[in-house]
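Thanks for coming, everyone. I'll keep this short. Please look at the structure on the screen.

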Amino acid sequence: MGEARRPNLLVTGTPGTGKTSFSSLLAEATGLAHINVGDLIKEKKLYDGWDEILECHILDEDLLLDELEARMAEGGKIVDYHCCSFFPESWFDAVIVLQTNNSVLYDRLTSRGYSGKKLENNLECEIFQVLLEEARESYSPNIIRAMPSDTIQDMNNNVEIVQQWLQARTPSL
């Protein structure tokens with residue numbers, strides 16, 4: 001019998017909720033490979049133009065999925081992206097939705113230079129829990145976990161919780 005595939009995790013949430021920091025810490029703690037989808041899109045030019053209003057590239061979902069397909073089949077990946085509805089459900093063993101208090105999120109986003117419509121849209125996205133709802137519409141509810149991400153302590157606690165889940169699932173970790 002062949003070795004079981006290591007689990008794939010999706011880490012999602014509104015920009016500024018700490019996806020990349022959390023995913024990097026989790027990768028370090030577990031040995032899983034971190035895929036920052038935003039960086040991958042820029043690096044491989046997996047976009048179809050620029051959105052002037054939201055000041056971001058327009059993702060070409062098909063190009064991205066083609067780029068990721070073989071990597072996801074290998075297992076052992078942490079995918080970090082602010083959108084989740086277009087990824088195949090079969091790719092993920094767990095979906096983690098990071099959530100941040102809006103005053104904390106406001107400070108994080110303004111320190112990144114977000115303003116105007118881009119800032120407003122992201123704050124509204126968090127207020128209305130858009131990413132959690134998107135995850136619930138796209139994946140089985142028993143693999144989704146919403147986690148607070150306001151402080152460094154939250155992040156460390158979240159890494160520990162996910163690490164324990166992974167160890168219980170695959171004792172060889």
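I'll go through the aromatics, the cysteines, one surface patch and a few helix residues.

First, the ground rules. This is a predicted model, where local features need pLDDT of at least 70, side-chain atom pairs count only at pLDDT 80 or more, and totals for chains, interfaces and linings use all residues. Residues are numbered from 1 along each chain as its sequence is written, and side-chain values use heavy atoms, with hydrogens and water left out.

Aromatics, then. A pair of aromatic rings is described by the distance of the centres and the angle of the planes. Here, rings of Phe, Tyr and Trp (its six-membered ring) pair if their centres lie within 6.5 Å; planes under 30 degrees apart are stacked, over 60 edge-to-face, and the rest tilted. How many aromatic pairs does this rule give? The count is six. One of them is Phe86 with Phe87, a tilted pair with centres 4.4 Å apart and 35 degrees between the planes. Another is Trp91 with Phe92, which is edge-to-face, at 6.4 Å centre to centre and 70 degrees. One aromatic cluster takes in Tyr81, Phe86, Phe87, Trp91, Phe92 and Tyr139.

Phe86 is buried at 12%, and Phe87 is buried at 3%. Trp91 has 11% and is buried. Phe92 is buried too, at 6%.

Next, cysteines. A disulfide is a covalent bond between the sulfur atoms of two cysteines. The rule used here asks for a pair of cysteine sulfur atoms within 2.5 Å. By that rule there are zero disulfides. Take Cys56: its nearest cysteine sulfur belongs to Cys83, 11 Å away. Cys56 is partly exposed, at 30% relative accessibility. Cys125 counts as buried, at 15%.

Now the surface. Phe128 sits in the loop between helix 5 (116-127) and helix 6 (130-138). Helices here are DSSP runs (H or I, at least four residues), numbered from the N terminus. Phe128 counts as exposed because its relative accessibility is 61%.

Last, some buried helix residues. Leu109 is in helix 4, residues 102-111. Its relative accessibility is 0%, so Leu109 counts as buried. What does Leu109 contact, leaving aside neighbours within four places in sequence? The partners are Pro15, Gly16, Tyr114, Leu119, Asn122 and Leu123. Contact means heavy atoms within 4.5 Å.

Helix 7 covers residues 152-169 and holds Asn158. Asn158 is buried, at 3%. Neighbours within four places aside, Asn158 is in contact with Phe22, Leu98, Met147 and Pro148. Val159 is in helix 7 as well. Val159 is buried, at 9%. Not counting residues up to four places away in sequence, Val159 touches Phe22, Leu25, Leu26 and Ala29.

Notes
Helix = DSSP H or I, 4+ residues; strand = E, 2+ residues; numbered from the N terminus. Buried < 20%, exposed > 50% of the residue type's maximum accessible area, 1.4 Å probe, protein only.
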